Amino acid sequence: MRIAVLPEEVVAQIAAGEVVERPASVVKELLENAIDAGARQIRVAINGDGRTRIVVADDGSGIHTEEVETAFMRHATSKLRALDDLNRLQTLGFRGEALASIAAVSRVTLVTRHIDEQAGTRMLVEGGHLRERKSIGAPAGTVLTIENLFFNTPARLKFLKSENTEKRQITAVISRYSMAYPDVRAVLEQDGREIFRTHGSGFLGDVITSALGLEHGKQMVAVDNGEGERIRVYGYTSAPSLNRADRSRITLFVNGRWIVDNSLTYAVIQAYHTLLMTGRYPVAVLMIQVPPEDVDVNVHPTKAEVRFRDGDAVFAAIQKAVRRAVIEQAQTPGIFAGRFNASDSGARSWGDRYEAAQLDLSFDLIEPGQHARKQHVETASPDENDPTAIPYGPGAPLKPRTLPLLRVIGQVAASYIVAEGPAGLYLVDQHAAHERILYEQFMDEHARQGMIAQFALAAQTLHVSPDEARLLEDNLESLQAFGFEIEPFGPNAFVVRSVPAMLADRDPATVIGGILEDLYQGNKPGQARIEDKIVIRVCKQAAVKAGQILSLEQMQGLIRQLERCDSPLTCPHGRPTMIHMSSDQLEREFGRTGV
Ligand code: ADP
Ligand code: MG
């Protein structure tokens with residue numbers, strides 16, 4: 001091929017690829033424009049995953065009649081004149097690329113009226129070509145409708161993820177901007193249904209509650225290293241009780257701009273050193289404020305990466321501020337819930353939970369649901385209360401032994417049961433073993449009766465994040481089959497009417513939160529079915545924990561039940577429940593062989 005300058009249209013499409021990667025990038029750019037235009041209210045409406053239609057409406061300044069066409073030209077911006085302006089930049093946009101890029105790969109309808117003008121403009125641009133333009137009456141502000149995204153770039157379409165993934169990305173974008181601009185009222189509608197809303201109160205805590213759900217919001221602690229600092233860090237971070245399997249819930253903003261930065265994310269994780277188990281990560285929303293001249297925002301087309309003049313100082317400031325907030329909170333358990341939101345302190349604070357976990361030694365190992373029943377039937381038969389009894393309810397056949405009869409010797413490290421059998425010594429992981437026991441009982445009960453015993457709650461409301469709400473809605477039926485009666489109750493809220501009986505004394509919000517986290521981990525190939533995930537999580541929550549001191553009777557009860565499990569050697573996750581040291585092995589270790 002000979003060398004030739006590319007046609008303008010092709011150049012535009014290539015350039016568009018850098019800025020507009022997916023529907024969520026369109027939403028991001030349009031939100032930034034609305035915020036830059038001083039909007040107090042922003043409404044985003046999408047159809048499906050946004051490919052067919054995205055509408056972003058704002059009540060900002062609007063665009064001057066004579067500038068509407070310029071706005072769609074590449075490198076056309078009202079926010080920057082010279083490179084030097086970057087050091088004083090107050091706006092989110094500055095590259096002048098978004099509208100041109102979006103218009104190059106979709107059909108855009110713009111309706112806008114500038115606050116200082118009488119008449120507005122309606123304009124239609126398709127694949128970068130102006131199709132129609134007329135003067136109309138319109139409220140001050142701007143409404144952009146993006147349709148048929150990527151209609152002329154089929155390759156891009158092919159690389160889009162599943163509809164749900166794209167929806168989730170859009171929700172994430174909107175909750176991020178809502179956090180950075182808590183005084184803006186934002187609404188997200190999906191297929192005509194409102195799924196997210198912030199109230200523009202100006203309080204980050206309120207937005208976090210909308211974005212993460214009330215249950216998580218309650219477990220966040222305030223972070224602030226003080227107004228006078230050159231590097232100011234403020235926001236919220238989770239008490240150690242709230243943690244996740246991945247770092248995706250660590251959200252960082254620099255001067256009001258959401259950023260992705262592995263190093264700074266790591267600063268947050270570092271702050272929890274020894275406070276979280278390995279493989280667990282905190283939830284955090286942090287605003288980092290630095291003088292504009294100390295940060296370069298012009299590193300990446302999507303502006304999601306920035307470069308600091310002194311990255312180490314920013315790292316240290318974050319780590320210190322977060323660490324201090326978490327430690328202070330741990331030293332004064334109970335008060336942080338009040339700090340987060342004065343109106344909802346109370347029984348669910350981290351401190352209270354921590355204490356409850358410490359004191360909860362009265363756990364019963366007899367059978368699922370016993371605990372629930374005991375709370376209601378005062379005159380339980382003595383049989384039921386005998387912790388050494390082997391569990392079998394009506395119709396439950398006594399299962400054959402799969403392990404030899406074991407004699408409990410004692411407990412080690414409040415986590416392992418030492419037992420002796422004809423074939424030697426057994427070290428049993430109490431949590432893993434109890435998980436296995438509950439799992440088999442649960443499955444048996446389900447197989448026998450097609451359902452499982454429920455424990456009715458005084459209807460409890462549960463507030464979750466928009467993502468989790470979708471996930472919960474999609475799985476209500478499966479949950480129902482396993483004893484959870486949950487009903488939608490307004491946007492992102494649910495009423496929990498019952499839980500499986502074995503969870504009667506557990507906090508339903510924590511249990512359901514755990515299930516959602518498992519489901520959220522996605523349907524990666526090779527992963528357990530949804531039903532399995534639910535059951536496994538239920539058993540994990542109901543099982544005795546490591547670190548819990550057990551009475552001899554409780555240990556005996558647990559071992560009796562384990563002896564009759566179908567697969568007593570592994571927990572439902574596949575980890576071993578016990579280590580066996582045979583008599584031969586013992587003799588060998590002590591050098592007694594052949595003596
Ligand atoms: P940038 O935001 O980098 O300036 P864009 O392509 O996103 O570039 O927008 C081009 C210009 O169009 C902006 O500089 C702004 O003047 C105008 N504009 C875009 N969206 C809006 C809006 N919602 N309200 C007012 N003006 C807008
Ligand atoms: Mg812009």
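Q: Is F482 buried or exposed in this structure?
A: Let's start with the accessible area, keeping in mind that this is a predicted model. Buried means under 20% relative accessible area. The value for F482 is 3%, so this residue is buried.

Q: Which ring pairs with that of F482, and is the pair stacked or edge-to-face?
A: The count of aromatic pairs comes to 1. Its ring centres, those of F442 and F482, lie 5.8 Å apart. Planes under 30 degrees apart count as stacked. Here the planes are at 20°, so the partner is F442 and the pair is stacked.

Q: How many residues apart in sequence are the parts that the pair of F442 and F482 ties together?
A: F442 belongs to helix α15, residues 430–449, and is itself buried at 1% relative accessibility. F482 sits in the loop between α17 (476–481) and β20 (485–488), so the parts tied together are apart in sequence by 40 residues.

Q: Which residue of the hairpin of β16 and β17 takes a positive phi?
A: Strands β16 (residues 407–412) and β17 (residues 416–421) pair in the antiparallel sense over 5 bridges. Among the bridge partners are Q411 and, in β17, I417. The hairpin has 3 residues between the strands, and the positive phi, near 55°, is that of A413.

Q: Over the ring of which residue does the charged end of R176 sit?
A: Two arginines are worth a look here. The charged end of R232 sits over the ring of Y234, 4.5 Å from its centre. For R176, the charged end is 3.5 Å from the centre of the ring it sits over, and that ring belongs to W258.

Definitions and conventions. Residues numbered from 1 in each chain as written. Chains lettered and ligands numbered in written order. Predicted model: local features only at pLDDT ≥ 70, side-chain atom pairs only at ≥ 80, totals over all residues. Heavy atoms only, no water. Pairing = 2+ DSSP bridges. Helix = DSSP H or I, 4+ residues; strand = E, 2+ residues; numbered from the N terminus. Phe/Tyr/Trp six-rings, centres within 6.5 Å; stacked < 30°, edge-to-face > 60°. Buried < 20%, exposed > 50% of the residue type's maximum accessible area, 1.4 Å probe, protein only. Lys NZ or Arg CZ within 6 Å of the ring centre and 35° of its normal.
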